[in-house]
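Dear colleague,

The sequence and structure are below.

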Amino acid sequence: MQQLSTRHLLGIKNLSEEDIQLIFETADSFKEVLNRPIKKVPSLRDITIANVFFENSTRTKLSFELAEKRLSADVVNFASGSSSVKKGETLIDTVNNILAMKVDMVVMRHSSPGAPHFLSRHIRANIVNAGDGTHEHPTQALLDAFSIREKLGDVAGKKVAIIGDVLHSRVALSNIFCLQKLGAEVMVCGPATLLPKYIRDLGVQVEQEVFKALQWCDVANVLRIQLERQQIKYFPSLREYSLYYGVNKKLLNRLNKEIVIMHPGPINRGVELNSDVADSDHSIILQQVENGVAIRMAVLYLLAGLK
Ligand code: CP
């Protein structure tokens, strides 16, 4: 049986193309399971998984929990806001206490970049990074690339524009690594203040006019403006951002081709993306969410076999 080259999923950076293809092929099988009347398989029976979330989440948390339950794992959920973290307990103490209850895998979201990497050096359980600050969000990138493969047949050779708040986005970095490993061309587009200084070193094209980015690409992955991570003003107002960088139907109508629109969610409707695009036939936003469950089933299943 083929195996992943790593026992933790900390980021896309450390995955090989073969790892990604193995996750996709495994997700294909689980997607078929998810379309059956009985959507459950016994693959992770007797495996206990803790979802440890130190930051808010809707999609990722529900998607992991559903994936775990579809695989028949036992699941415990931890949300820092209602935990003893509020009394000053540290990350390592929190996780060690959860592991003392005989947990096999930890799915963790944390606002500090590197938190799951730190944890992986101190505990025996398999760790899955469900988003670490502005660093990586590997399962989001996997489900994004899987959705492009499903929609366009292949990722290799496709042009993908990542538009918006790249500076604060873990989705952007993981997408860049994943898409490049699979042979896609990547462009980033946004105001200069929202593009990291190192971005060209990652081998991506840089564009500041959103219409030119849309003209260039086959797929536009529109990112959320992350106001909660912005301590200073990166642009004058949301209205001005929307005027210059918002993706709307009028812009798409000026293109002489059809493009695919993606967004990792949650959407700031009317800011980075208008409803006339988010809810249109161009958009595969809800297919991304659907594919997230199959991708997370594949990741958990493959990691569970590696001790
Ligand atoms: N895409 C994503 O990570 O969404 P949540 O923050 O709701 O999990």
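Helices (H or I, at least four residues) and strands (E, at least two) are DSSP runs, numbered from the N terminus. In those terms, P266 sits in the loop between β9 (260-262) and α10 (275-278). This is a predicted model, in which local features need pLDDT of at least 70 and side-chain atom pairs count only at pLDDT 80 or more, while totals for chains, interfaces and linings use all residues. Residues are numbered from 1 along each chain as its sequence is written, and side-chain values use heavy atoms, with hydrogens and water left out.

An unreviewed UniProt entry lists R59, T60, R109, H137, Q140, G265 and P266 under "binding site". UniProt positions are in the numbering used here, feature names are shortened, and annotations may be inferred rather than shown by experiment.

P266 is partly exposed, with a relative accessible area of 39% (buried is under 20%, exposed over 50%, partly exposed in between; 1.4 Å probe, protein chains only). Leaving aside neighbours within four places in sequence, P266 is in contact (heavy atoms within 4.5 Å) with R59, R224 and E272.

Q140 belongs to helix α5 (residues 138-152) and is buried, at 6% relative accessible area. Residues up to four places away in sequence not counted, Q140 touches V171, P264, Q288 and R296.

As for α5 itself, 11 of its 15 residues are buried, among them P138, L142 and F146. After α5 comes G153, with a positive phi near 90°.

Regards
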